Amino acid sequence: MLISSAVIFSSCKDKEIVVETDLCNKNATKEAIKLYDYLKSVYGKKVISGQQESTWTEAGTEYEMEYIHALTGKYPAIRGLDFMNDDFDGVVERSIDWWQRGGIVTICWHCGKNFTGNYDNSKNDEIENWDKVFEKGSEENLLFTQNMDKAGAALKRLQDANVPILWRPFHEFDGAWFWWGKGGEKNFKKLWIYMYDHFTNDLGLNNLIWVLGYSHNGKNIKSWYPGDKYCDIVGADSYEVPQNGPERNLYLAVKYGTNKNKMEVMHECGQIPSITGFKDIKWGYFMTWHTKWLIYDGDESVQSSNTDEHLIEIYQDDYVITLEDIPNLK
């Protein structure tokens with residue numbers, strides 16, 4: 001039976017905090033509810049492992065997953081996927097496969113302006129007129145929504161397959177280096193709410209757990225926050241663990257900037273924090289980025305990657321939940 005709230009202990013020797021246990025979408029699928037309840041049941045007690053895939057290496061789409069397994073004997077619990085390059089069919093197929101294997105799926109979307117193709121992080125990749133984008137029925141609005149619905153259709157296929165998704169659109173928005181953040185706080189909040197309302201109310205996507213993903217900046221958190229009723233989980237990316245450890249300051253900035261009532265996750269990282277760090281700072285899960293951010297490959301420009309010894313220590317510790325530890329969530 002669902003209850004309205006659950007009390008957990010926060011990190012940093014803070015007071016107890018109340019984390020909402022109901023998803024924002026009151027019509028959430030039973031699979032989404034069951035997954036969300038599981039995430040909350042282990043939050044603050046253990047950390048869930050996650051790994052972003054790459055799709056372009058000679059080793060194929062299983063490169064990161066099989067590397068971790070060969071090294072540690074474990075698979076990550078969460079698989080990170082990306083609709084980048086309009087890879088909707090591939091992402092749907094691999095998401096279903098991972099869910100059927102007992103894993104958890106999270107999806108982001110690197111896309112170009114107006115949701116077209118691949119993203120182009122240049123000065124040309126900016127929305128010229130945000131007001132027109134949000135003007136219902138305008139040419140800009142219709143095209144924008146039509147392109148956005150490419151992801152909506154893929155997510156609907158996953159809903160039809162009974163796969164719940166940790167949906168993380170518009171990641172690192174507050175960094176303002178992607179088009180979805182270049183319009184500033186007000187337009188971003190309108191954008192997030194527009195997608196949430198359209199996907200939830202118009203498309204009937206009830207399998208989504210909405211993950212609001214800040215950058216490593218840790219500044220002006222509240223001014224970018226779209227509100228409690230439009231997201232289920234909050235978090236931040238960090239590629240600065242070698243300098244900052246488990247990112248106490250970033251954790252606290254996001255916590256207090258988002259009303260202190262959401263589960264917090266480290267949804268992207270290079271080097272994974274230590275077990276001691278995770279026990280101090282209660283990130284719900286981590287997700288290591290792909291290729292050279294998972295494994296040091298000699299590129300000295302990448303300062304945040306993992307040694308084999310560190311991966312073994314992380315994945316073989318009882319504090320870390322791996323694929324093999326996930327209960328039946330179906």
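1. The model is predicted: local features need pLDDT of at least 70, side-chain atom pairs count only at pLDDT 80 or more, and totals for chains, interfaces and linings use all residues. Residues are numbered from 1 along each chain as its sequence is written, and side-chain values use heavy atoms, with hydrogens and water left out.

2. Helix α5 (residues 139-160) packs on helix α7 (residues 184-202) at about 55 degrees, the axes lying 11 Å apart; the two are therefore oblique to each other. Axes are lines fitted to C-alpha atoms, for helices over the stretch in contact, and angles run from 0 to 180 degrees between N-to-C directions. Helices (H or I, at least four residues) and strands (E, at least two) are DSSP runs numbered from the N terminus.

3. The crossing of α5 and α7 is right-handed, that is, the near helix is turned clockwise from the far one by less than a right angle. On the α5 side, the contact (heavy atoms within 4.5 Å) includes Phe144, Met148 and Leu155, which face a set in α7 including Leu191, Tyr194 and Phe199. Eight nonpolar, four polar and one charged residue form this contact of α5 with α7. Here Ala, Val, Leu, Ile, Met, Phe, Trp, Tyr, Cys and Pro count as nonpolar, Asp, Glu, Lys and Arg as charged, and the others, Gly among them, as polar.

4. Helix α3 (residues 88-100) also packs with α5, at about 25 degrees and with axes 10 Å apart, so α3 and α5 are roughly parallel. Phe88, Asp89, Val92, Ser95 and Ile96 of α3 meet Lys150, Ala151, Ala154, Arg157 and Leu158 of α5. This contact of α3 with α5 has six nonpolar, one polar and three charged residues.

5. Helix α2 (residues 63-72) and helix α11 (residues 308-315) pack at about 80 degrees, with axes 9 Å apart, which makes α2 roughly perpendicular to α11. Tyr67, Ile68, Leu71 and Thr72 in α2 touch Asp308, Leu311, Ile312 and Tyr315 in α11.

6. The largest pocket holds about 420 Å³ of space. A pocket is an open set of points on a 1 Å grid over the protein atoms alone where a 1.4 Å probe fits, with protein on both sides within 12 Å along at least five of seven lines; lining residues have an atom within 4 Å of a point. Volume is the space filled by probe spheres set on the points, which are joined across faces, edges and corners. Of 25 lining residues, His110, Tyr239, Glu268, Trp289 and His290 are the closest to the centre of the largest pocket.

Note on methods: Angles under 35 degrees count as roughly parallel, over 145 as roughly antiparallel, 65 to 115 as roughly perpendicular and the rest as oblique.
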